[in-house]
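Here's a quick briefing on one protein model, written for someone who is new to reading structures. Have a look at the sequence and the fold, then work through the points below.

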Amino acid sequence: MADERRDTTTDGGLPAETEVGQPLGVPRWVTAVLPIVLLVLVLGAFVFTSPLAGIQGGEPLPDVTVTHSTLPSDDTVVLHVTNNGPEEVTISQVLVDEAYWNFRVEGAGGDRTLEPRESARVVVPYHWNPGWDLEVDLVLSDGATVSHGIEAPQQSPGFGADVLWTLALIGLFVGVIPVALGMLWFPYIRTMSDRTLHAVLLFATGVLAFLAFDAGFEAFELAERIPGAYEGNLLVVSGVLGALLLVQSISSWREGRAAGDGRAGGGLWVAYLVALGIGLHNLAEGLAIGSSFALGRVSLGAFLVIGFMLHNVTEGPAVVAPVARDERPAWWHFVALGLLAGAPVILGGWIGSLAYSPTVGAFFLAIGVGAILQVVWEITRMVRDAGGRVGSATNLLAFLIGFAVMYATDIFVAI
């Protein structure tokens, strides 16, 4: 009886009856581990015997990246550099606006030599003038030159409790409050007909699609500043696919565990996914604000804050629309949804100001894109399951309006 109840297939692959207990007469784990053991042995033999030592293909070219620069005072320039190449490199000289200048290297073991994959800070005691462009050249020991331009330099504000408070206040106004205001449309959305509600859901997918494109373009733009060793473009693609498949696998796992439970495909779960996707995007938005603040390149005037609020208030309806046909969730769910979608702006601002990194920024943006794409899929499936037609004229127009509204409000936002 136990065999009859047994599911003879797992995920649509081979039937369980065809599984072989001991292939080749040895335990299964031996056949699983054997290729890995042999690979380790071959690699060890290759390293210790060096069979290609006599083959010389020339010296590899140095590969040094200046990820970004900071200006802690008006008489100091700091370049953040990474050695991407397979060989160590030594920074011999530094030129600022074509003049040789003293410098020191911090974080490279006390000398000016960077080991492969090592990062360091090049500190130049140079008095610069705000708004006057700088051109800094690093001359390596083999004569190679790495150039980095600093446009319209401004002093970095430094870091302290006042900066954290300022960034928290910025995040509150550009992230939490706009999303919370947008969620106040929930009672009105509940009164809509099914047809109108489906249009609102497609409007939400238009909003999310814009965020995905916006974050994707920014991620690939940042990828150009990522040290070559990290393969910036592939890092972005990995982040997108990884987040998409991870969120989808969690969703599928949840549906499997709650099979027969109506809550499995409920709107509240989709609402949390929407809030998560928007929150990841807003985390990257906060990273941009924090990093710009750290680099002294942000000026959040009233017009810009208004632009942010108009831009992000449209995310509120996208969060609550999936629960419009369910029993009204407890109030704390709304608080949690609002914080999940809006509060990451604060967290991103702190991270961006503390440890700005194009690599981290691009990766967070990519994760946001992947999560958003999965959420778009969930919403369209929700409309289909409710008997709606995703491709109807009304729904497609709502999608376009959502996309266009985000584009129009995005014009007001420029850091």
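Let's start at the surface: Glu 98 counts as exposed, with a relative accessibility of 73%. (Exposed means over 50% relative accessible area, buried means under 20%, and partly exposed is in between, using a 1.4 Å probe and protein chains only.) Keep in mind that this is a predicted model, where local features need pLDDT of at least 70, side-chain atom pairs count only at pLDDT 80 or more, and totals for chains, interfaces and linings use all residues. Residues are numbered from 1 along each chain as its sequence is written, and side-chain values use heavy atoms, with hydrogens and water left out.

- Glu 98 sits in the loop between strand 3 and strand 4. (Strands are DSSP runs of E with at least two residues, helices are runs of H or I with at least four, and both are numbered from the N terminus.)
- Glu 98 isn't a glycine, yet its phi is positive, at about 65 degrees.
- Asp 97 is in the loop between strand 3 (89-96) and strand 4 (99-101), and it also has a positive phi, about 50 degrees, without being a glycine.
- With 35% relative accessibility, Asp 97 counts as partly exposed.

**The whole protein**

- The protein has 13 helices and nine strands.
- Out of its 415 residues, 44% count as buried.
- The accessible surface comes to about 22,000 Å², and carbon and sulfur atoms account for 64% of that. (These areas come from the Shrake-Rupley method with a 1.4 Å probe; for residues, only the protein chains shown count as cover.)
- Take the contacts with a separation of 6 or more: 75% of them are between residues 24 or more positions apart. (Contact means heavy atoms within 4.5 Å.)

**The nonpolar cores**

- In soluble globular proteins, nonpolar side chains tend to be buried together.
- Here, the largest nonpolar core has 56 residues, and those with the most contacts inside it are Leu 208, Val 274 and Ile 278. (A nonpolar core is a set of buried Ala, Val, Leu, Ile, Met, Phe, Trp, Tyr and Cys residues joined through side-chain atoms within 4.5 Å.)
- Helix 5 (residues 194-223) gives this core its largest share, 16 residues.
- Another core lies apart from it, with 24 residues, among them Val 81, Val 89, Val 124 and Leu 138.
- Setting aside neighbours within four places in sequence, Ile 278 is in contact with Leu 208, Leu 211, Glu 315, Ala 318, Val 319 and Ala 341.

- What does Asp 214 touch, not counting residues up to four places away in sequence? Its contacts are His 281 and Asp 410.

- Pro 329 has its place in the loop between helix 9 (315-320) and helix 10 (331-342), and it is buried, with a relative accessible area of 10%.
- Beyond residues up to four places away in sequence, Pro 329 touches Phe 186, Leu 268, Val 323 and Phe 334.
- Pro 329 and Leu 268 are 61 residues apart in sequence, but their C-alpha atoms are 7.7 Å apart in space.
- In helix 10, the buried residues are His 333, Phe 334, Leu 337, Gly 338, Ala 341 and Gly 342.
- Looking down the axis of helix 10, these buried residues fall within an arc of 140 degrees, so they line one face of the helix. (The arc is that of the directions from the helix axis to the C-beta atoms.)
- An α-helix has 3.6 residues a turn, so residues three or four places apart point the same way.

**Salt bridges**

- How many salt bridges does the structure hold? There are two. (A salt bridge is a side-chain nitrogen of Lys or Arg within 4 Å of a carboxyl oxygen of Asp or Glu.)
- Glu 106 pairs with Arg 104, with the closest N and O atoms 2.9 Å apart.
- Glu 106 also forms a salt bridge with Arg 121, where the closest N and O atoms are 2.5 Å apart.
- Glu 106 lies in strand 5 (residues 104-106) and Arg 121 in strand 7 (residues 119-124), so this pair ties together parts that are 15 residues apart in sequence.
- Through shared partners, the salt bridges join Arg 104, Glu 106 and Arg 121 into one network.
- Glu 106 counts as partly exposed at 25% relative accessibility, as does Arg 104 at 46% and Arg 121 at 34%.
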